[in-house]
Amino acid sequence: MDADALADAFWGVARQLRSRNKEALAPWELTPSQFRAAAVVARHGPIRLSALAEHLRIAPRSATEVVDDLESRGLVERSPDPGDRRATLVTLTERGRTLVGEIQAARHARSADVFATLDAHDRAELGRLLRKVAGE
């Protein structure tokens, strides 16, 4: 298989995963950007807005907008950073933690569907190859 055919196959799977991800988020009316931000906060705990922006690879102003949206829905809260009162920490609320867990379960199920045609050996091999291509 040549490089173009591999790229086409890769992007076909990526489109399926992106589509399934959007489907998984739909019941919660959350955008992929909002979920990614909430997931970063869930993974790292209380986090400064600047660090959140770095993790998401977006401008700090964009991170502020995403956090504003999440805060208006009661999913995160802001508080002063005790180590630097000029900085703000973002923390998930209990509702936010519950929502992230529910969405992660839904996303996992949808992703599993994409790879359901592969047996355990094929999934392990695909994972190995993708990590190799990614330089890991």
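**Close-up views of a predicted model**

**View 1. Surroundings of Val90.** Apart from its neighbours within four places in sequence, Val90 is in contact (heavy atoms within 4.5 Å) with Val41, Gly45, Pro46, Ile47, Leu49, Val67, Val76 and Glu77. The model is predicted, so local features need pLDDT of at least 70 and side-chain atom pairs count only at pLDDT 80 or more, while totals for chains, interfaces and linings use all residues. Residues are numbered from 1 along each chain as its sequence is written, and side-chain values use heavy atoms, with hydrogens and water left out.

**View 2. Crossing of helix 2 and helix 3.** The axes (lines fitted to C-alpha atoms over the stretch in contact, with angles from 0 to 180 degrees between N-to-C directions) of helix 2 (residues 32-44) and helix 3 (residues 49-56) come within 10 Å and cross at roughly 115 degrees; helices are DSSP runs of H or I with at least four residues, numbered from the N terminus. Arg36, Ala37, Val40, Val41 and His44 in helix 2 meet Leu52, His55 and Leu56 in helix 3.

**View 3. The aromatic pair.** The rings of Phe10 and Trp11 have centres 5.2 Å apart and planes at 80 degrees, so the pair is edge-to-face.

Technical notes
Helix = DSSP H or I, 4+ residues; strand = E, 2+ residues; numbered from the N terminus. Phe/Tyr/Trp six-rings, centres within 6.5 Å; stacked < 30°, edge-to-face > 60°.
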